[in-house]
Amino acid sequence: MKVILKFDGTKIDCEKGSYGGEGTVTSGTEVKEGDGYYFKAKLPADKIVEDWYINGTNKYNTFPFLSYRVKKEDVDSSGIIEISYTAKTPAKALFIFDGTKIKCEKGYFGGEGAVTSGTKVKEGDRYCFKAILNAGESVKNWTINGTDKYATNTTYNYRVNKDDIDSDGKINVDFVKN
């Protein structure tokens with residue numbers, strides 16, 4: 001059976017390869033099982049991906065991209081694999097942390113600018129927290145609003161999650177020393 005990849009090109013960019021980089025793909029392209037594709041949502045600045053869907057089945061992925069490998073169980077009865085997503089307005093919060101104990105930078109590994117306590121952040125954004133420790137000290141665990149995150153490295157990479165926002169609209173970040 002011929003299998004066709006379908007998506008709305010006004011809302012989604014697609015490249016061949018699980019992480020892209022192997023050429024642009026357009027909706028209506030014939031695909032085969034095992035091929036990898038990288039989809040990127042085209043979103044306005046005030047929206048984020050709520051969920052990605054394959055033929056209407058929720059993939060519970062909220063990232064602005066979807067890495068996908070063609071599987072025969074995803075093909076509908078007419079030979080179509082349709083990729084789509086829903087968008088939403090992200091939740092917003094204030095980061096609260098002790099700047100004498102923690103440094104924070106925007107970006108999963110930092111490098112996109114320093115962030116101070118009280119900074120407004122939005123759901124889905126990524127940040128890198130670094131514990132400021134004296135010689136011989138180490139991190140036992142990082143906490144979000146007092147909840148243990150079981151992260152024990154000196155650096156904590158964090159993606160803003162709406163479920164982490166407390167009733168005051170804040171996300172309190174801290175760590176416990178060993």
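Which strand gives the largest share of the lining of the largest pocket? In this predicted model, local features need pLDDT of at least 70, side-chain atom pairs count only at pLDDT 80 or more, and totals for chains, interfaces and linings use all residues. Residues are numbered from 1 along each chain as its sequence is written, and side-chain values use heavy atoms, without hydrogens and water.

The answer is strand β5 (residues 48-54), with three residues. Strands are DSSP runs (E, at least two residues), numbered from the N terminus. A pocket is an open set of points on a 1 Å grid over the protein atoms alone where a 1.4 Å probe fits, with protein on both sides within 12 Å along at least five of seven lines; its lining residues have an atom within 4 Å of a point.

The volume of the largest pocket is about 470 Å³, taken as the space filled by probe spheres set on the grid points, which are joined across faces, edges and corners. Its lining consists of 24 residues, and Ile48, Glu123, Gly124, Asp125 and Arg159 lie nearest the centre.

Asn55 is not a glycine, yet has a positive phi of about 50°. Most residues other than glycine have a negative phi. Asn55 is partly exposed at 28% relative accessibility, a class between buried (under 20% relative accessible area) and exposed (over 50%), for a 1.4 Å probe and protein chains only.

Tyr60, in the loop between β6 and β7 (65-69), also is no glycine and has a positive phi of about 50°. Tyr60 counts as exposed because its relative accessible area is 69%.

Notes:
Helices (H or I, at least four residues) and strands (E, at least two) are DSSP runs, numbered from the N terminus.
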